[in-house]
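Welcome to a short tour of this structure.

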Amino acid sequence: MSVGFVMLVHEALDRAAQVARHWAEHGKPVVIHVDKRVDGPTFEYFKGKLNDLGNVRFSERHACEWGNWSIVAATQSACELMLDSFPEVGHVYLASGSCMPLRPIQELQTYLDKRPRTDFIESVTTDEVDWTVGGLDQERFTLRFPFSWKKQRRLFDRYVDLQRRLKLTRRIPDGLTPHLGSQWWCLTRRTLSAILQDPRREEFDRYFKRVWIPDESYFQTLSRLYSTKIESRSLTLSKFDFQGKPHVFYDDHLQLLRRSDCFVARKIWPKAERLYRDFLAPEARALTMAEPNPLKIDRLFGRATERRTRGRAGLYMQGRFPNEGWENGKTSGRYSVFEGFTDLFADFEAWIARRTGNRVHGNLFAKDRVYFAGGDSVYNGAISDSAVLRDYNPGAFLTNLIWNTRGEHQCFQFGPADDQKITEFMATDRNAHISVISGAWAIPLFHSNQNFADLRKVAAQLQRIEAAHLDLLRMGKTKARVRIWSLAEFIENPMENLQTILDEIGGIGQRRLTEVPMMADLSGFGQFLQNLKNQGMSPHLMGDFPVIEDTSEKPKGSRPRLVK
Amino acid sequence: MDQITSGDVLLFCTLRNERARLPYFIKYYREMGISHFFFVDNGSDDGTSEYLQAQADVSVFYTEHSYKRSRYGVDWLQWLQRRFGHGHWCLTVDADEFLVYPYCDTRSIKALTDWLDASSVRSFGSIMLDMYPKGPISSAVYCEGEDPLKIAGWFDSGNYMIERNNYYWNLWIQGGPRARHFFAEDPKRAPALNKIPLVKWDRRYAYVSSTHMLLPRGLNLVYDQLGGEKTSGCLLHAKFLSTIEQKSSEELKRNEHFANSHEYKAYHSGLSEDPDLWCKWSEKYINWRQLEILGLMSKGNWA
């Protein structure tokens with residue numbers, strides 16, 4: 001018994017001839033169908049290239065169009081010719097002109113000889129498939145498709161809609177259960193001849209002529225009627241991308257293809273010199289009997305589809321610029337924003353850097369410049385510290401920073417004295433962790449030596465800005481994790497609050513606090529707020545501070561007590 | 001020109017006095033798989049035309065007309081593309097621009113265009129990456145035939161700002177060392193870095209402004225808007241070599257460049273100080289995979 005190859009060819013004829021010759025010279029009969037749209041001289045030239053081979057035949061030519069019956073008709077006549085001319089053929093292998101054998105033909109022959117009754121044809125019911133182009137699966141079999149999907153898409157779609165609305169359906173012939181699967185199969189003579197010589201063939205053909213993409217369903221459905229043993233998989237490695245077009249193999253896939261242990265792969269780029277040279281070379285290695293294992297290639301193509309459909313979160317570039325809400329993450333990683341902490345704790349930045357091991361920046365959005373960690377003038381990715389450049393596109397500034405430091409956790413300070421344009425972006429970013437001690441900006445004012453009238457003006461302005469900022473953080477579409485304390489609330493239990501923040505960031509600061517930052521001296525702060533009130537301003541964001549000191553006995557600049 | 005057959009990828013370029021850069025430029029693109037080159041020589045007097053005429057796969061057209069009035073060479077190339085580019089993939093670049101696309105070290109540009117054809121894609125986007133030397137620009141002396149990226153081999157990896165142009169639908173990308181160094185106080189005027197250099201040409205198409213955008217505007221949608229990544233490349237811009245100081249003063253005198261040569265004015269004042277664009281976060285160019293990991297280009301679903 002021998003395997004025979006039926007080849008459907010429409011382009012890259014030189015390569016097809018090369019592969020046909022390879023099979024034929026190894027003693028395997030080949031029947032070639034050349035698309036009728038290939039012109040006469042080209043066809044004759046192609047034929048001439050193979051005319052020294054006694055076991056190559058050319059079948060009746062059909063003009064093939066993707067998605068319609070002609071491809072099945074071409075396959076039928078080529079298979080009939082194969083079965084009639086080569087009685088020794090036990091399995092018929094359907095291949096295309098861009099297929100290439102990856103393993104010595106003898107290995108395929110041995111594999112099939114061990115499974116003489118098995119039909120290798122991917123054949124699944126319509127409920128099981130999720131890969132169909134245009135979303136049509138069951139409807140392929142019950143609607144009519146007189147228009148070309150490729151050339152008359154609008155008519156195609158409208159006619160489908162019309163039939164759906166009018167609930168027009170066709171009857172599926174009795175006894176048939178529609179199955180779908182890869183076009184590239186390998187059937188036994190028994191099954192194939194039963195399909196081709198079926199007394200009801202005319203009826204079936206008439207039905208399938210109006211089915212959409214019958215080359216993926218005709219043999220797949222009919223083989224279910226006759227086969228005694230179906231292996232529902234293709235021996236041809238052929239992967240389709242998310243648009244339903246086949247992935248192409250190039251020279252740099254050589255090792256991957258070799259290790260896949262598949263028998264045949266498609267589709268090969270016609271100019272992949274190295275692949276054709278290597279795989280069509282006379283056998284250079286010992287025969288192996290490994291099972292085909294396309295897992296690695298599946299993963300490669302799976303990743304490609306993932307990249308094309310979901311992309312890398314937080315990346316904005318020439319090929320990826322998602323509409324608002326389609327980012328799969330506005331930034332590429334989590335980051336923490338601290339508001340008011342440096343006002344309350346003088347050494348907060350250094351402290352949190354020690355506790356968490358994270359990169360801690362100053363006020364990245366300060367009005368005069370960008371305060372990167374360590375006071376750098378340029379940062380990761382060559383981001384400039386120019387405030388003008390940053391404010392030109394604050395969102396890009398932040399997404400760049402987070403993207404450039406993938407794998408690190410950035411922390412930075414923010415406050416009402418900073419440029420506020422970034423607020424909405426951060427509020428709607430799931431990756432932002434924002435901790436606010438509201439009203440803490442009043443502490444440096446309290447400690448400053450400025451003229452009181454000026455202080456009042458500044459305080460009023462900062463309070464207005466912070467109030468608007470807090471409103472934004474509290475709005476319905478906020479996705480950031482936001483924690484807001486008033487200053488009074490926070491200092492009631494500073495250690496517990498700091499611990500909560502550290503726990504949230506994670507990292508190395510998991511243990512109980514043993515070292516705490518230095519808290520600013522707040523004695524007399526209540527009176528300071530009262531003075532602001534007396535001057536006609538209403539400081540409210542910091543919460544309630546008693547005017548009468550109850551903490552006067554505390555030493556100045558104290559560290560808060562540890563929570564045991 | 002008679003040798004051009006269907007399926008050939010063609011290159012179009014306007015230049016002036018680029019004799020020294022040409023041997024490497026042509027070699028680079030020949031090896032990439034470009035079948036035929038079209039040059040418009042705008043009044044060179046350094047032997048550029050003579051050199052080009054001696055190449056078998058080059059067609060050269062000579063003009064002394066105004067670069068500015070031909071919309072910075074766009075009109076000249078437009079005519080050539082209309083006449084010779086119809087139905088071909090056409091790559092439009094300057095003599096100091098080097099295209100890098102996914103797998104360019106193992107696959108020819110024909111592999112890319114075949115794949116784009118099969119995917120029904122008509123245009124291919126890239127970001128222009130300004131390349132610079134480590135040290136003052138005057139120290140990067142370029143000799144004919146050399147790989148300019150060996151001398152100016154550094155780039156900024158992550159400081160690009162993107163906006164969408166709602167009229168032409170293209171992305172407007174700015175940033176890199178020029179924005180950082182020359183336009184830090186006036187970023188709006190920083191040069192555009194979005195480029196669509198590779199297009200399956202049709203005689204109805206037209207570049208609007210340099211190769212930044214095209215009409216019809218559907219061609220400008222080289223980016224995905226639903227979160228995915230479309231296959232894209234980088235255009236390595238080896239402008240900052242020792243020849244630029246002389247070049248910018250010459251170009252400034254001619255006043256033939258965009259926006260009253262604003263860019264060249266800024267360079268010239270900046271360049272006369274012989275700046276060092278390099279910083280400790282500059283990235284040294286290795287290969288396309290590095291650019292893909294950095295997120296400057298994407299394989300998309302080409303595997």
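In chain A, β11(A) runs parallel to strand β12 (residues 264–265), and two bridges join them. Thr236(A) has Val264(A) of β12(A) as its bridge partner. A strand here is a DSSP run of E of at least two residues, a helix is a run of H or I of at least four, and both are numbered from the N terminus. Two strands count as paired if DSSP finds at least two bridges between them. Both strands belong to an open sheet of three strands in chain A, ordered β5-β12-β11, with mixed pairing. At its edges lie β5 (100–101) and β11 (236–237) of chain A, each pairing on one side only.

A word on how to read all this: the model is predicted, local features need pLDDT of at least 70, side-chain atom pairs count only at pLDDT 80 or more, and totals for chains, interfaces and linings use all residues. Residues are numbered from 1 along each chain as its sequence is written, chains are lettered from A and ligands numbered from 1 in the order in which they are written, and side-chain values use heavy atoms, leaving out hydrogens and water.

Tyr207(B) has Leu214(B) as its bridge partner in β12(B). Three residues lie between the strands of this hairpin, and Ser210(B) takes a positive phi near 45 degrees.

Now to where the chains meet. The table gathers the interface values.

| Chain B with chain A | Value |
|---|---|
| Residues in contact (heavy atoms within 4.5 Å) | 59 residues of chain B, 49 residues of chain A |
| Buried area (accessible area, 1.4 Å probe, lost on being put together, summed over both) | about 4,500 Å² |
| Salt bridges (side-chain nitrogen of Lys or Arg within 4 Å of a carboxyl oxygen of Asp or Glu) | five salt bridges |

Carbon and sulfur atoms give 52% of that buried area. Glu229(B), Trp281(B) and Asn301(B) supply 17% of what chain B buries against chain A, more than any other three residues. One salt bridge joins the side chains of Glu292(B) and Arg312(A), at 3.9 Å from N to O. Several elements of chain B each supply at least two residues of the side touching chain A, among them α4 (109–118), β6 (123–130) and α9 (288–293).

Methods. Buried area is the accessible area (1.4 Å probe) that two parts lose on being put together, summed over both.
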